[in-house]
Amino acid sequence: MNINLKKYQNEIILLTSIVLMLFAYIYKSGKIDSFEKGKIEVASSISTISQIASLKDLWGDKKLSAKVPKLKSLVNSSKVKLFSIKSKKLKAKFVDLTIKELTILLQKISNIAVEIISIDVKKNSETYNMELKCKW
Amino acid sequence: MNFKLNNNKDLILFHANMQRTTYDKSINILLSPQFYIMKQESLDIKYKYQALNIAPAVMDELLSSNIEYKYSVFKEDDKWTFIAFDEEKIKSFAINYGIDLDLINKIYFAQQVRDKFNVSISLDDKKAIVLLNGIVTIIPKSALDKSHVYNYIDNSFTPNSGGISLSNDSSLSLIDKKSSLILSVIFILFTFIFIFEGSRYSKEIIASQDKLTTTLQKYPSLSSKYSRDSIEQKYKKIDKQQRAIRNFLKKLSSPIRDGAVLSELTLRGTTQKALLETKTDTIHQKIKQKSKSLDLKIESIKNNSYIALESKI
């Protein structure tokens, strides 16, 4: 060891150990920061993924193609003026519906996860006409 | 295998009449018997530290009571060799001879390399150092033949081990060796603790990433953040609009139960409107009052015969 350094060997030993400890502390702090950030990011990503998956399951339900045609059978066929399904899109027109029939139709449409594009209902004396556009 | 790491430093034989010399690099010192008191004992002791512990007691009767001696021990054949020396005397001798104490690397005793003194070494005109009955001793040259050939000290006299270091009184250190070592051990301990904790967090990071990877494996289409954001935006918009439509339909049931008659209904993604016919003013006022709590835009039209309800996203 160089003579001048030897004079300060105690300080050098101490300083080296302090520097090592500081590096280790910086390493640990860095890892804690990464962990905390990662934890938030991962939790957020997993939550987002689960949320998207549940939304996808709800609004992209594959059984809807079987459920939608059943709307036609809820009222007398004479009251169904139009019921056209093309590429997972429905255009329907119902006429002379009683308030009860209208309520049943609206409840049924509400209860299946179709994306309602438009619903237009108009009272015609004592009955109702309804136009429906939806997709899934 | 013996590594003679100290052999690359010059070895200086310290004796009373040595010549004054200047040194500018680290040296080892071999002390002549003038600088130490020695005693050999056959003792049933196994370890050096045990021998060192009893050294003051073993040598007590040989030593002056007003000097603070330091001790060194080593084993020769089946005997323990005890050496007492006055460190302050060695230091002041070195200083008097112009030797910087910081240059002194290790101090050895001539007895440690006794076999090297089988051939005597000349100290000055009158004295020589020789091996006599297994003890390195200084004798007058007159006791030797005039034709006696003397050996010379060189670095091969440096013992392989067992040197001592001078205590560091003259050092500029602000902290003593013991304290610095204790503190260093504590700091190194903290270093290991921090590294251990860091690596534990590192493993936790990997574990949470694995959890995300496992979730993504279930939904490969959501693996990229871009596609996730795009799909999320799409479905959230649908969800918001469709829930608004269904909520509006639910809210309508209340005024209809209270006697209003649905006249018109228009439902779109962003706007929902309903026109309700109220047959009497009482029904009109009742519905109007109740609808305030439904968070809908309410408007009375056609002389209070109708109520228009509207909701917008």
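Some ground rules come first. Residues are numbered from 1 along each chain as its sequence is written, while chains are lettered from A and ligands numbered from 1 in the order in which they are written. As the model is predicted, local features need pLDDT of at least 70 and side-chain atom pairs count only at pLDDT 80 or more, whereas totals for chains, interfaces and linings use all residues.

Chain A has 4 helices and 4 strands. Here helices (H or I, at least four residues) and strands (E, at least two) are DSSP runs, numbered from the N terminus. Read from that end, the elements of chain A go α-α-α-β-β-α-β-β. Of its 136 residues, 20% count as buried. A residue is called buried if 20 or more other C-beta atoms lie within 10 Å of its own, exposed if 12 or fewer, and partly exposed in between, with C-beta atoms placed from the backbone. As for contacts in chain A between residues at least 6 apart in sequence, 44% join residues at least 24 apart; two residues are in contact if their C-beta atoms, placed from the backbone, lie within 7 Å.

Two loop residues of chain A deserve a look. Val114(A) sits in the loop between α4 and β3 of chain A, and it is buried, with 22 other C-beta atoms within 10 Å. Leaving aside residues up to four places away in sequence, Val114(A) touches Leu64(A), Val68(A), Ile109(A), Cys134(A), Lys135(A) and Trp136(A). One of these, Cys134(A), is 20 residues from Val114(A) in sequence, with 6.4 Å between the two in space, C-alpha to C-alpha. The other loop residue is Lys88(A), found between β1 (80-86) and β2 (89-97) of chain A. Lys88(A) is partly exposed, having 13 other C-beta atoms within 10 Å. Its phi is positive, about 60°, although it is not a glycine. Most residues other than glycine have a negative phi.

Chain B comes to 5 helices and 13 strands. Buried residues make up 24% of its 313 residues. Among its contacts between residues at least 6 apart in sequence, 55% join residues at least 24 apart.

Of its 7 residues, 6 are buried, so the strand is largely enclosed by the rest of the structure. Strands count as paired if DSSP finds at least two bridges between them. β5(B) pairs with strand β3 (residues 36-41) of chain B through 6 bridges, running antiparallel, and Glu41(B) stands opposite Trp80(B) in β5(B). Strand β4 (residues 70-76) of chain B also pairs with β5(B) in the antiparallel sense, this time over 7 bridges, with Lys70(B) opposite Phe85(B). β4(B) and β5(B) form a hairpin with 2 residues between them. In that turn, Asp77(B) has a positive phi of about 50° although it is not a glycine. With 8 C-beta neighbours inside 10 Å, Asp77(B) counts as exposed.

Further along chain B there is an open sheet of 3 strands, in the order β7-β8-β9, with antiparallel pairing. β7 (121-122) and β9 (135-140) stand at the edges with a single partner strand each, so one side of each is left without a neighbour in the sheet. Strand β8 (residues 127-132) of chain B is joined to β9(B) by 6 bridges, and in this pairing Ile129(B) stands opposite Ile138(B).

Finally, the two chains meet. The contact takes 42 residues from chain A and 51 residues from chain B. On the side of chain A that touches chain B, the elements giving two or more residues are α1 (3-7), α2 (9-59), α4 (99-111) and β3 (115-124) of chain A. α2(A) gives the most, with 28 residues. The residues on this side of chain A divide into 23 nonpolar, 8 polar and 11 charged; Ala, Val, Leu, Ile, Met, Phe, Trp, Tyr, Cys and Pro count as nonpolar, Asp, Glu, Lys and Arg as charged, and the others, Gly among them, as polar. Strand pairing crosses between the chains too: β3(A) is joined to strand β10 (residues 261-268) of chain B by 5 bridges, and the two run antiparallel. Within this pair, Lys122(A) stands opposite Glu264(B) in β10(B).
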